[in-house]
4 protein chains.
Amino acid sequence: MSESKRGRPRDMEVDRRVLDIAAAQLVERGYAGLSIDAVAEAAGVAKTTLYRRWPSKDHLAVAVTARMQEADPVADTGDIRVDLVNYLTHIVAAINRSRSLGLVAELAAAAARHDDIGELIHGVFTRRNALVLALIERAKQRGELRADTDAVVLFDQLAGALYYRVLFTGMPIDPAYAERLVTAALDGAVPTGEMS
Amino acid sequence: MSESKRGRPRDMEVDRRVLDIAAAQLVERGYAGLSIDAVAEAAGVAKTTLYRRWPSKDHLAVAVTARMQEADPVADTGDIRVDLVNYLTHIVAAINRSRSLGLVAELAAAAARHDDIGELIHGVFTRRNALVLALIERAKQRGELRADTDAVVLFDQLAGALYYRVLFTGMPIDPAYAERLVTAALDGAVPTGEMS
Amino acid sequence: MSESKRGRPRDMEVDRRVLDIAAAQLVERGYAGLSIDAVAEAAGVAKTTLYRRWPSKDHLAVAVTARMQEADPVADTGDIRVDLVNYLTHIVAAINRSRSLGLVAELAAAAARHDDIGELIHGVFTRRNALVLALIERAKQRGELRADTDAVVLFDQLAGALYYRVLFTGMPIDPAYAERLVTAALDGAVPTGEMS
Amino acid sequence: MSESKRGRPRDMEVDRRVLDIAAAQLVERGYAGLSIDAVAEAAGVAKTTLYRRWPSKDHLAVAVTARMQEADPVADTGDIRVDLVNYLTHIVAAINRSRSLGLVAELAAAAARHDDIGELIHGVFTRRNALVLALIERAKQRGELRADTDAVVLFDQLAGALYYRVLFTGMPIDPAYAERLVTAALDGAVPTGEMS
DNA sequence: GACTAATCGAGACGGTACGTCAAGTCTTGTG
DNA sequence: CACAAGACTTGACGTACCGTCTCGATTAGTC
């Protein structure tokens with residue numbers, strides 16, 4: 001039933017060491033500065049060993065980022081407004097720290113280059129977002145949000161604004177912006193009582 | 001008054017021809033498929049001539065895209081809801097057509113790589129968005145939108161959601177999504193009459 | 001004892017093919033006409049492979065010439081006068097044939113540019129001259145030449161005159177000149193019996 | 001009859017300034033380090049102006065060297081042995097000083113590349129050598145040298161040995177070598193009284 | 001203990017593009 | 001005309017990575 005386990009087994013220590021070093025390079029020198037040769041050398045590992053695990057530089061980069069964002073704190077205080085601001089503030093901090101910005105863009109580009117990488121990336125984001133979507137759903141059931149609220153659309157509005165602003169318009173993001181964002185999304189833009 | 005114009009003047013025809021060809025390559029073969037050598041050859045121009053005008057491949061790519069998006073149609077029907085849906089629908093179509101997706105991501109990455117490119121990109125988006133921001137402002141003055149609406153935040157929510165969704169979560173975007181987006185942004189998520 | 005031979009071994013066939021083609025280019029089109037790109041292409045080899053073995057165009061050229069002059073015929077007839085004339089005549093023929101002249105000058109220039117190349121070139125000439133120096137030594141022991149004859153000086157006079165004449169003064173060299181040269185060097189210029 | 005002398009006359013000052021600067025570059029950075037662009041810039045002169053006078057870099061280099069070696073001291077003491085040693089010692093000093101070595105080789109290479117440059121170079125050497133050849137001729141007439149001495153061959157032996165030694169074998173040259181050289185050339189290598 | 005099968009380290013290799021450099025030509029406008 | 005300025009062509013150079021390959025040496029489990 002199980003595939004026969006013959007031959008020398010993989011050294012799991014290698015995975016750890018390579019990902020650590022690749023993460024370091026990625027943070028220090030950006031995506032373009034992540035060189036397979038350099039990582040292999042620094043990890044004391046042959047390039048072939050690298051390619052046996054990650055079929056391309058893009059795959060390695062995705063693996064690194066997947067491991068980097070394991071735990072985003074999502075607390076449910078019962079006040080959706082507060083919870084969302086907290087969460088966005090956390091993301092804002094992560095973006096402003098380190099080089100993660102360029103990295104995120106490069107990953108999106110890699111996703112557009114290769115379908116399989118696209119799936120990996122999308123999986124990463126989907127898993128990361130699931131907790132917040134659940135949060136929103138619970139607020140709907142509590143009646144804090146309208147029953148017809150589309151959780152995904154709401155979340156897209158929030159997270160999307162953040163990335164769009166910083167990536168494309170180059171404007172800064174900070175906790176105050178996160179708060180304005182949540183307010184705007186929750187309250188809407190039309191005058192009260194005039195909804196269609 | 002003006003700096004004396006000495007020496008052989010630049011051949012403006014070259015700019016046109018190079019940008020045309022680069023645009024074609026970009027659309028046909030994507031960002032990675034844009035090769036300075038190939039463009040130079042196809043344009044019948046020396047590589048050095050290219051580098052005299054655009055100091056790197058990234059710069060050329062930015063120049064190309066800047067020229068590509070001259071006119072996005074922004075009509076003011078007097079109904080902001082309709083105008084925004086129209087505009088977003090137009091962007092959705094542009095994104096779904098051709099390879100522009102990967103290109104956008106690559107440009108964002110390039111922006112993160114070099115500061116000067118960042119400024120160029122941000123300028124492009126800023127100019128492109130100005131018309132829509134003005135549209136929103138007019139709707140505010142008409143009383144169609146609340147007076148305290150932050151136009152930039154509203155726009156970030158709309159455009160950002162679009163790009164975020166398609167780039168990072170890999171979900172499709174279509175006219176229906178554009179409509180849901182506008183509705184959500186304008187009407188908000190909290191039940192009517194419960195605004196803080 | 002020997003350094004352990006790890007990694008993929010170099011393909012010696014490549015050396016042979018590259019040197020053959022480079023030699024051909026060198027002879028047909030001269031030093032300036034020797035292009036790394038062209039050689040790599042013609043040899044069906046990547047440029048990087050070339051640079052791994054010869055760190056610059058100059059190094060490659062030296063390697064080519066080193067291989068070209070493996071066997072200069074040095075016969076010992078017992079008559080030093082005859083032997084030297086034969087040898088010089090052979091060199092004269094080699095110089096007059098093909099482009100070797102410019103090549104020799106270029107190599108000397110390359111030697112002045114890079115120290116390591118200098119050593120290579122000097123090694124080539126040293127090895128090439130060793131046989132003739134031995135010939136001269138034997139003539140000394142036979143008593144054909146004076147015991148205090150400095151073999152190196154004598155050889156410098158002969159070979160040097162040849163190259164100097166053709167390279168710097170542009171005068172032709174031929175077998176007759178070779179003979180005059182040997183006569184002059186062996187017999188001296190002062191009237192007999194008037195030596196200091 | 002005379003070519004019409006119309007238009008702006010050439011600025012002779014330019015020639016001087018350019019040659020000065022080119023000479024400096026040549027000495028400081030060698031032949032490859034002599035860049036037309038750099039010379040033009042340093043001389044405050046347009047490249048076209050340079051090319052109007054010297055049709056190529058090689059021509060400029062030749063012009064520079066021609067001007068550099070105006071006066072080699074040739075004194076006639078009445079003792080040919082002494083005079084030759086003096087002269088060679090002077091050349092040895094010139095070679096050992098500065099970068100002239102590589103330069104000489106490059107010029108020889110340039111001579112082999114273009115016929116017209118060859119003629120220029122050969123002219124330079126011919127003129128430079130004329131005085132020494134005359135010296136040798138006078139020694140012949142005085143009976144200091146054998147009447148059948150070939151002055152050119154003798155000179156080739158002396159100067160040639162110098163250049164050959166230092167360019168091709170990489171051995172050092174010094175006044176002592178110059179002396180050994182003259183002795184060997186004048187006295188010959190065969191035992192006294194055994195001349196054929 | 002021999003055999004088999006996979007991993008690992010090392011490094012050569014093909015390929016593709018990059019960005020740079022210098023030579024020499026051409027095109028302006030100015031004196 | 002000469003000249004300054006600088007754009008342009010041409011051609012090659014050397015470099016940097018990527019991803020593949022070929023070795024020999026380990027390191028298991030299997031027979």
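How many salt bridges does the rule find across the interface of chain D and chain C? Keep that in mind as you go through these points.

1. A quick word first: this is a predicted model. The answer to the opening question is six salt bridges across the interface of chain D and chain C. One to look up is the pair Asp156(C) and Arg165(D), where the closest N and O atoms are 3.4 Å apart.

2. Now look at which parts of chain D do the touching. Helices H6 (100-113), H7 (115-142), H8 (151-169) and H9 (175-187) of chain D each give at least two residues to the side that touches chain C. H8(D) has the largest share, with 16 residues. By type, that side of chain D splits into 28 nonpolar, twelve polar and eleven charged residues.

3. On to the interface as a whole. Chain D puts in 51 residues, and chain C puts in 51 residues too. About 4500 Å² is buried between the two chains, and carbon and sulfur atoms give 60% of that.

4. A side-chain N or O atom of Arg53(C) sits 2.3 Å from a phosphate oxygen. Backbone atoms show up here as well: a polar one of Asp11(A) is 3.1 Å from a phosphate oxygen, and an N or O of Leu34(D) is 3.3 Å from one.

Methods: Residues are numbered from 1 along each chain as its sequence is written. Chains are lettered from A and ligands numbered from 1 in the order in which they are written. This is a predicted model: local features need pLDDT of at least 70, side-chain atom pairs count only at pLDDT 80 or more; totals for chains, interfaces and linings use all residues. Side-chain values use heavy atoms; hydrogens and water are left out. A polar contact is a pair of N or O atoms within 3.5 Å; within protein, one must be able to donate a hydrogen and the other to accept it, and residues adjacent in sequence count only if both atoms are side-chain atoms. Contact means heavy atoms within 4.5 Å. Buried area is the accessible area (1.4 Å probe) that two parts lose on being put together, summed over both. A salt bridge is a side-chain nitrogen of Lys or Arg within 4 Å of a carboxyl oxygen of Asp or Glu. Helices (H or I, at least four residues) and strands (E, at least two) are DSSP runs, numbered from the N terminus. Ala, Val, Leu, Ile, Met, Phe, Trp, Tyr, Cys and Pro count as nonpolar, Asp, Glu, Lys and Arg as charged, and the others, Gly among them, as polar.
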